[in-house]
Amino acid sequence: MASGSDPGSFSSFSKCVTKHLNLSYHVDFERRVLKAKVALTVEVLEDHFSSLTLDTRDLKISAVTANGQEATFAMGTKHSFKGTPLEITLPFSLSRGQHVIVEVSYETAPTASALQWLTAEQTAGKTHPYLFSQCQANHCRSMVPCQDTPSVKHTYYAQVTHTHTHTHTHILHFLSAVRDGQEPDPQDSSRIIYRFRQPVPMPSYLIAIVVGALESREIGPRSRVWSEREYVDKAAFEFSETETMLKTAEELAGPYVWGQYDILVLPPSFPYGGMENPCLTFATPTLLVRTQQVSVIAHEISHSWTGNLVTNKTWEHFWLNEGHTVYLERMIGRSMESEQYRQFKAMGGWKDLQDSVNTFGAKNPLTNLVPNLHEVDPDDAFSSVPYEKGFALLYHLEELMGGPEVFMGFVKSYIQLFAYNSVTTEEWKNYLFTYFKDKVDILNKVDWNAWMHTPGMPPVKYDTTLADACIALCKKWVMATEQDLGGFTESDVKTLSSHQLIEFLSLLLQEPLPLSHVMKMQEAYNLNSIMNSEIRFRWLRLCVRSKWEDAVALALKMATEQGRMKFTRPLFREVYNFEKYREEAVRTFQTHRAAMHPVTSGLTGKDLKVDPSQSTSL
Ligand SMILES: CC/C=C\C/C=C\C[C@@H](O)/C=C/C=C/C=C\[C@@H](O)CCCC(=O)O
Ligand SMILES: [Zn+2]
């Protein structure tokens with residue numbers, strides 16, 4: 001499964017592959033570290049095997065054993081984003097097909113890039129500290145020494161406990177796995193050990209941990225929603241369609257193999273809309289506004305097949321995870337709503353792709369569907385491209401091959417064939433040609449090099465029925481002279497759904513308006529009062545781009561009161577590009593960076609050209 005190379009990993013996965021991890025964690029909130037032990041069950045792939053390399057990042061390793069015997073180890077040279085290779089020499093030699101249990105005792109750093117430690121004051125409840133992880137893409141190595149490449153899949157078992165203080169009695173632990181009971185710690189009966197079991201083989205980037213004062217509500221026969229008490233009822237209400245979506249996804253893609261499907265709503269600094277951690281999707285609280293959660297939860301559910309069951313072999317093939325997941329997410333939307341709704345969402349995705357291409361530059365190789373990630377940090381490469389160019393390719397193929405039902409047949413078959421494995425684009429393409437063996441002539445006419453290895457926008461058209469009202473209103477604003485402005489009233493947007501309002505604002509962001517127009521838009525539509533974050537985010541970007549000074553404070557407020565990178569980074573960049581407020585953007589970032597997620601603060605710092613080692617720039 002793990003042959004080939006991965007530019008993001010130092011680990012020796014062509015010599016050996018991890019089959020199982022047994023983790024023991026002790027969470028120390030006072031010192032902000034995990035004291036841990038991991039036992040890796042490793043299958044040897046070659047004869048005369050006596051050494052292996054694991055990925056680590058900022059870990060303090062204290063001991064390594066192999067089958068219980070002391071093993072020697074050395075740390076290699078630290079790489080800026082790949083971390084430090086841990087080179088282990090076994091006290092014996094093994095042959096191909098044998099297994100060895102390598103146990104590493106270690107401690108994480110308070111700055112571990114996978115972890116965000118929140119003080120009690122940074123939580124909604126204000127009484128208990130909180131810890132959460134985000135391992136995708138290459139951050140698992142900062143909490144577990146492992147073969148941190150998506151080409152290796154293993155099961156895992158974990159036991160977790162935390163330092164007991166009188167204020168921490170209500171703290172619960174969860175991992176991306178099935179709960180396997182809890183019991184008093186035999187070494188300290190005031191502590192509880194929580195146990196978890198993940199029997200489905202999965203890549204390291206899907207290991208996840210959360211520790212905090214959490215409550216839950218049942219939302220379906222295999223689903224609970226977890227969050228701090230302050231959000232839990234709202235979350236249960238917003239995610240009430242989860243079981244319907246799971247069933248729809250199963251009809252499309254096959255059985256759900258992960259047992260439980262729970263959702264965890266995190267504190268506002270969580271950097272993404274959602275993260276598909278198996279058994280426990282992590283979600284931003286910005287979804288807790290009606291109509292916003294549907295596509296994100298459909299997306300995370302879809303990852304249970306595309307991404308978690310069939311996984312990209314390296315991050316260069318990330319579009320296989322995300323393109324297929326967006327395709328499946330929109331097929332769920334098609335089943336639950338309509339084909340027009342799917343087409344409308346596809347058009348919205350097209351704008352997101354355009355936005356990413358504009359941000360990177362239309363000639364930037366990071367806008368290739370399959371980018372070269374040698375010496376490129378995946379976090380720097382992340383954008384809508386793998387999602388939306390990936391979807392656009394699949395949609396294009398769907399049209400060529402005979403429509404959604406026919407193409408979904410291929411996607412389902414691809415999932416069944418590659419389930420529990422990791423794949424490359426080449427393997428995907430070979431299977432496409434095998435599945436559609438009667439239509440190879442048509443497939444040969446596709447300009448594969450343009451789709452896969454050429455930067456910029458691809459050529460695709462969608463059904464615009466639901467977007468026509470948005471396109472017409474956008475045109476009206478773009479063409480309007482100062483004299484025409486009096487003709488705009490609240491009734492223009494009365495019949496638009498929130499999805500259509502998002503589309504309207506996305507269209508306007510492609511053709512920004514004069515300040516007078518934006519001010520009139522506020523007067524007529526009162527968009528400042530809307531709290532739906534997808535709408536607010538686009539509206540505030542539009543205002544700042546039109547140089548409306550009053551909007552700067554609102555944009556910076558939204559950029560800092562939540563930390564979803566999809567919103568935070570473009571809002572900061574927008575204010576930064578408004579010359580007069582550039583310093584204000586940098587100052588606000590400097591004030592908030594200590595409380596931001598480590599990845600968000602790192603990437604926003606790069607966007608604003610703030611030297612990470614200095615407290616101020618400019
Ligand atoms: C070609 C891109 C190369 C590598 C990307 C791989 C990982 C990127 C890394 O930065 C982690 C991404 C994690 C994403 C998690 C969830 C997203 O689906 C959220 C999308 C944005 C949002 O809705 O907030
Ligand atoms: Zn995704």
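1. Helix α6 is the biggest contributor to the shell around ligand 1, giving three residues. Keep in mind that this is a predicted model. In total, 16 residues surround the ligand, and the closest are A137, G273, P378, F382 and K566. Two or more shell residues come from each of β19 (274-275) and α6 (378-381). Sorted by class, the shell has ten nonpolar, three polar and three charged residues.

2. Q134 sits in the loop between β10 (130-133) and β11, while M275 belongs to strand β19. Q134 counts as buried because 24 other C-beta atoms lie within 10 Å. M275 is buried too, since it has 25 C-beta neighbours inside 10 Å.

3. What does Q134 touch, once neighbours within four places in sequence are set aside? Its contacts are A114, H139, P271, M275 and V599.

4. Now for the strands. β1 (residues 16-28) runs antiparallel to β2 (residues 33-44), with twelve bridges joining them; Y25 has A36 of β2 as its bridge partner. The hairpin leaves four residues between these strands, and R32 there takes a positive phi near 60°.

5. β1 also pairs with β11 (residues 154-162), this time in parallel, through eight bridges. Here H26 stands opposite T161 of β11.

How values were computed:
Residues are numbered from 1 along each chain as its sequence is written. Chains are lettered from A and ligands numbered from 1 in the order in which they are written. This is a predicted model: local features need pLDDT of at least 70, side-chain atom pairs count only at pLDDT 80 or more; totals for chains, interfaces and linings use all residues. A residue is near a molecule or strand if its C-beta atom, placed from the backbone, lies within 6 Å of it. Ala, Val, Leu, Ile, Met, Phe, Trp, Tyr, Cys and Pro count as nonpolar, Asp, Glu, Lys and Arg as charged, and the others, Gly among them, as polar. Two strands pair if DSSP finds at least two bridges between them. A residue is buried if 20 or more other C-beta atoms lie within 10 Å of its own, exposed if 12 or fewer, and partly exposed in between; C-beta atoms are placed from the backbone. Two residues are in contact if their C-beta atoms, placed from the backbone, lie within 7 Å.
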